[in-house]
Amino acid sequence: MHIEFRHLRTIKAIHDEGGLARAADRLNITQSALSHQVKNLEDQAGVELFVRRSKPLKLSPAGMRLLRAAERILPEVAALEAEFAGLVAGSTGRLHIAIECHACFEWLFPVLEQFRRAWPDVDVDIRPGLAFDALPALQRETVDLVISSDPEDLAGISFQPLFDYEPVFVAARGHPLAEKEFVTAEDFADQTLITYPVPPERLDAFTELLIPAGVTPQAIRQVELTAMILILVASQRGVAVLPDWVVRDIKLQSDYVTRPLTKTGLTRRLYAAVRSDESDRPFMAHFTRLARTEPLKMMRR
């Protein structure tokens, strides 16, 4: 027996309308064509699907079974068609994000909240467990966007610039280095540096300052949460280097001081890495635009 979607739509229309004439109008076909379709389906099934000479036209037990299948299958097909139409129109899709930057959560969640309101049908998720394998995961299509400060020349991957930021030295108000106008690599030689739990080659303090100068801190203490890093710094358990968007609120607090790294300060840039063939999808472009502008607004407040 070969059942097509049109057969399911026919059964449902006849049941809903209670007769062939109204069902034919609903399906936009002639009553003769509808009758032929019903006869063909009954011939295939080998049973009658309708109780003849009943008004309104009623389904037989076999017809009711086919109706139940239609009521289950047709909504799923309609939902699938709507999903595909949304994909074509760019209104639906998936945005799974991996982050190579722990501190990015400070601005990412407000951005995602705005994005969610604009694109409610896009499936959004953050995959923090992929931080060390983010770009390969992007190539494998495990994630759809990576927040990174280290662009690479990768086939099929486009790095969209977001915004520049300054890595800033943070210490307790009473710390000896608080007296300096700026800090240098050598100042870290006898310090405990509190960092996120990532390899040194992924930390601005190392890649931009310490490694080029050949300086190693006296000790490194790794902490998962930004708030905990700040608590430890205020308790004079060590010093930290954090992006300027993190320290914007503590600059006025009496427990902390912030200082530039080197006399001129350091500047880094964040990027959104996406697959090149998806970079112009409407919702992807909108997210990138939000991630480019909203963090800067937050920093100016």
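Two strands pair if DSSP finds at least two bridges between them. I keep that rule at hand for the sheets below. The strands and helices themselves are DSSP runs numbered from the N terminus, with at least two residues (E) for a strand and at least four (H or I) for a helix.

**Entry 1: ground rules**

I am looking at a predicted model, where local features need pLDDT of at least 70 and side-chain atom pairs count only at pLDDT 80 or more, while totals for chains, interfaces and linings use all residues. Residues are numbered from 1 along each chain as its sequence is written, and side-chain values use heavy atoms, with hydrogens and water left out.

**Entry 2: the sheet with β12**

I started with an open sheet of five strands, in the order β4-β3-β5-β12-β6 and with mixed pairing. Which strands sit at its edges? I found β4 (122-126) and β6 (157-165), each of which pairs on one side only. From one strand to the next, the twist averages 20 degrees. For angles, I note that axes are lines fitted to C-alpha atoms, for helices over the stretch in contact, and that angles run from 0 to 180 degrees between N-to-C directions.

A reminder to myself: strands of a sheet pair through backbone hydrogen bonds, either parallel or antiparallel.

Next I followed β12. Strand β5 (residues 145-148) pairs with β12 (residues 268-275) in the antiparallel sense, over four bridges. I looked up two places along this pair: Val146 has Ala273 of β12 as its bridge partner, and Ile147 stands opposite Ala272 in β12. On β6, I see seven bridges to β12, and these two strands run antiparallel. There, Ile157 stands opposite Arg275 of β12.

Is β12 buried or exposed? Seven of its eight residues are buried, so β12 is largely enclosed by the rest of the structure. Here buried means under 20% relative accessible area, exposed means over 50%, and partly exposed lies in between (1.4 Å probe, protein chains only).

**Entry 3: a helix across that sheet**

Helix α5 (residues 105-118) lies across β3 (93-99), β4, β5, β6 and β12, and it runs at about 170 degrees to β4. I picked out Glu106, which lies in α5. Glu106 is partly exposed, with a relative accessible area of 36%. What does Glu106 touch, not counting residues up to four places away in sequence? I found Thr226, Trp245 and Val246, where contact means heavy atoms within 4.5 Å. Glu106 and Thr226 are 120 residues apart in sequence, yet their C-alpha atoms are 8.9 Å apart in space.

**Entry 4: the other sheet I looked up**

Here five strands form an open sheet with mixed pairing, in the order β9-β8-β10-β7-β11. Its edge strands are β9 (219-222) and β11 (256-260), each pairing on one side only. Ignoring direction, neighbouring strands of this sheet are turned by 30 degrees against each other on average.

I zoomed in on β8 (residues 192-195) and β10 (residues 239-243), which pair in the parallel sense over two bridges. Ile194 has Ala240 in β10 as its bridge partner. Helix α7 (residues 204-213) packs on this sheet and touches β7 (167-172), β8, β9 and β10; its direction makes about 145 degrees with that of β8.

**Entry 5: helices at the start of the chain**

Two packed helices are described by the angle between their axes and the distance between the axes. For the wording, under 35 degrees counts as roughly parallel, over 145 as roughly antiparallel, 65 to 115 as roughly perpendicular and the rest as oblique.

Which residues make this contact? On α1 I listed Arg6, His7, Thr10, Ile11 and Ile14, and on α3 Leu34, Gln37, Val38, Asn40, Leu41 and Gln44. From this list I checked Gln37, which lies in α3. Gln37 is buried, with a relative accessible area of 12%. Leaving out residues up to four places away in sequence, Gln37 touches Arg6, His7, Thr10 and Ile29.

Last, I turned to α1 and α2 (residues 20-27), whose axes come within 8 Å and cross at roughly 125 degrees. That makes α1 oblique to α2. Here Arg9, Thr10, Lys12, Ala13, Ile14, Asp16 and Glu17 in α1 meet Leu20, Arg22, Ala23, Arg26 and Leu27 in α2.
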